[in-house]
Amino acid sequence: MRINVKVNNENKVFDVEIGEYLLDTLRKNHYISVRKGCDNTSCGVCTVLFDGKPVPSCSLLAVRTDGHEITTVEGIQKEADIISDYFGEEGADQCGFCNPSMALTLYAMKKELIHPTDEEIKKYLVGNLCRCTGYISQHEAIKKYMGDSK
Ligand code: FES
Ligand code: FES
């Protein structure tokens, strides 16, 4: 079937199978910043914004996005660059596999939470796994980003 989706503010028409997940739809349409990790809702690297909220695209049926808005990291490039600078400064930028999903989640968190506590940050990021950093340097970078008013 055919679905109409706004991706990164551009109207798109995708041909999808009934049981197809958005992750596969996006990747076959060249949105390859959306990563495939576990493919079972455990790692978070496939996260996109669905009407502004972070969701794992490996568990979202593509047909459910008909008429909705999807954002990948390309849609928030300027903010992603700012986040990347904070990660770099804290030594939290390693293999980069989790960076696009992390940037999208942080972007959404910053819109949603004002001056979050450490616990609120950790809770918001549950499900966003990183194999490399051990999370401490990431957490420091995230706190600086959340306090930034750029
Ligand atoms: S690939 Fe979607 S949560 Fe891991
Ligand atoms: S930096 Fe490698 S998975 Fe996060």
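Predicted model: local features only at pLDDT ≥ 70, side-chain atom pairs only at ≥ 80, totals over all residues.

User: What order do the elements run in from the N terminus?

Analyst: They go β-β-α-β-β-β-α-α-α-α.

User: And how does the radius of gyration sit with a compact globule?

Analyst: The chain has 15 Å, and a compact globule of 150 residues would be near 15 Å, so the two agree. The C-alpha trace spans about 45 × 30 × 25 Å along its principal axes.

User: How much of the chain counts as buried?

Analyst: 37% of the 150 residues.

User: Switching topic, what does the domain assignment give?

Analyst: Domain 1 covers 2–74 and domain 2 covers 75–146. Their contact takes 19 residues from domain 1 and 15 residues from domain 2.

User: Which strands supply at least two residues each on the domain 1 side?

Analyst: β3 (47–50) and β4 (53–56). β3 gives the most to that side, with three residues.

User: Now α5. Which of its residues are buried?

Analyst: In α5 (residues 136–146), they are Gln138, Ala141, Ile142 and Tyr145. Looking down the axis of α5, the buried residues fall within an arc of 100 degrees, so they line one face of the helix.

User: What covers them?

Analyst: The cover over the buried residues of α5 includes α2 (77–89), α3 (99–112) and α4 (118–124).

How values were computed: Residues numbered from 1 in each chain as written. Chains lettered and ligands numbered in written order. Buried ≥ 20, exposed ≤ 12 C-beta atoms within 10 Å, placed from the backbone. Helix = DSSP H or I, 4+ residues; strand = E, 2+ residues; numbered from the N terminus. Arc of directions from axis to C-beta. Contact = placed C-beta atoms within 7 Å. Rg over C-alpha atoms; globule rule 2.2 N^0.38 Å. Domains from an automatic or database assignment.
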